[in-house]
Amino acid sequence: MIIDAHAHLVTPMSVMGIRSFLQASGGQHSIEWLKGNYLSADDMARAIKTNLDTMDKVGTDIQILSPRPFTLMHSHRKFRDVNTWVSLQNDLIHQVVVQHPERFRGMAGLPQVSGEPIDIVFGEIDRCLALGFVGILLNPDPSEGAGTSPPLGDDYWTPLWEKMTREDIPALVHSAGCCGRETYDEHFSSEESLAITSIAHSDVFARFPSIKLIIAHGGGAIPYQIGRWRSHWFYTQAAQKPHLASYFKSLEAAASSGSPLPEAPDDLVTFDSVLRRFYFDTVVHDEDSLRHLFKKVGVDRCLFGTERPGSGGAIDLATGRPMDDLKFKIDRIESLTARDREAIYYGNAAKLLPRMFPRHNRTER
């Protein structure tokens, strides 16, 4: 079985018209009126068919759908508008899942609003879990590039970590729109990188050791710039613990003299070990990057994802296939065993997302 853990609702333009009216009218128009006048059942049917055809072409069995992140309006100032829009997106995903229960699952978008407390999203989380959604889509920067969102290591996010841990809710950490000098696509990588470093330098994992965080797009830049962050990590530890500073000096002295390197102190924590507390999808669109990701974080921390159809549909000059045909790329990596591929394509998602197969899980218990 092939589970695509990172995919988004193919949103017809008739649905996007509802978003425009919400923003322009300031909530003047009810969602029932907007749906009745702008939501086209034919458009939705064509969108679902597009997604199914794409899945069938590349052999994907199940996609986990979430709203298109860059459309989520998190920097819009009115919670009522954002909640209406995000709830509509989640309702459409639920509709797709109900129509095709063997092919889709839902990952709930959250009505986050920049400057508002994170617990305003709890009602929508509860509603979507009751509908059978398997996790949540978390935007680490609801200010959408304005620079005012607290990093994920900040106490602002603690109520969400508590709820996720208590109710075993996995989150796909995925940035959203951007009003800064980046495109939203560039903003994704920046914010997903910051998500890792801000949590790594906090006590989030110490306080919530069972929390499940999947970092989108292969972890942003972090696995591929790991040397830079590893160096910064060791500088920080040396500043905090004098005996570790002495250990680093003894390492350097041993290397200079050709002597055996001393053993690391028991309390030395490496950045690499913290990196393995996260999970990662495979949306990196490059075969060499995939090899590097599997080597640095481990096959057991990676979930197959394509974000397809999305921004990776350009043709790869080396293969003549779309860049987001990621199963083709993974199948070409000789170092992976059959068991590795099974874990990436199916096993890791099945373990990480306990709501994926609720009937199966009830039978096991």
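Author: Happy to! Searching the whole structure turns up ten aromatic pairs; rings of Phe, Tyr and Trp (its six-membered ring) pair if their centres lie within 6.5 Å, and planes under 30 degrees apart count as stacked, over 60 as edge-to-face and the rest as tilted. One of these pairs joins Phe 205 and Phe 278, edge-to-face, with 4.9 Å centre to centre and 75° between the planes. Phe 205 belongs to helix α8 (residues 204–207), while Phe 278 is in the loop between α11 (271–275) and β7 (279–281), so their contact ties together parts that are 73 residues apart in sequence. Helices (H or I, at least four residues) and strands (E, at least two) are DSSP runs, numbered from the N terminus.

Phe 205 is buried at 8% relative accessibility, and Phe 278 is buried too, at 0%. Buried means under 20% relative accessible area, exposed over 50%, partly exposed in between (1.4 Å probe, protein chains only).

Another pair, Tyr 247 with Phe 248, is tilted: 5.6 Å separates the centres and the planes are 50° apart. Both Tyr 247 and Phe 248 are buried. Elsewhere, Phe 70, Tyr 184 and Phe 188 make up one aromatic cluster.

The charged end of Lys 163 sits over the ring of Phe 122, 5.2 Å from its centre, and that of Arg 301 sits over the ring of Tyr 279, at 3.9 Å. Here, "over" requires NZ of Lys or CZ of Arg within 6 Å of the ring centre and within 35 degrees of the ring normal.

A word on reading this: the model is predicted, local features need pLDDT of at least 70, side-chain atom pairs count only at pLDDT 80 or more, and totals for chains, interfaces and linings use all residues. Residues are numbered from 1 along each chain as its sequence is written, and side-chain values use heavy atoms, leaving out hydrogens and water.
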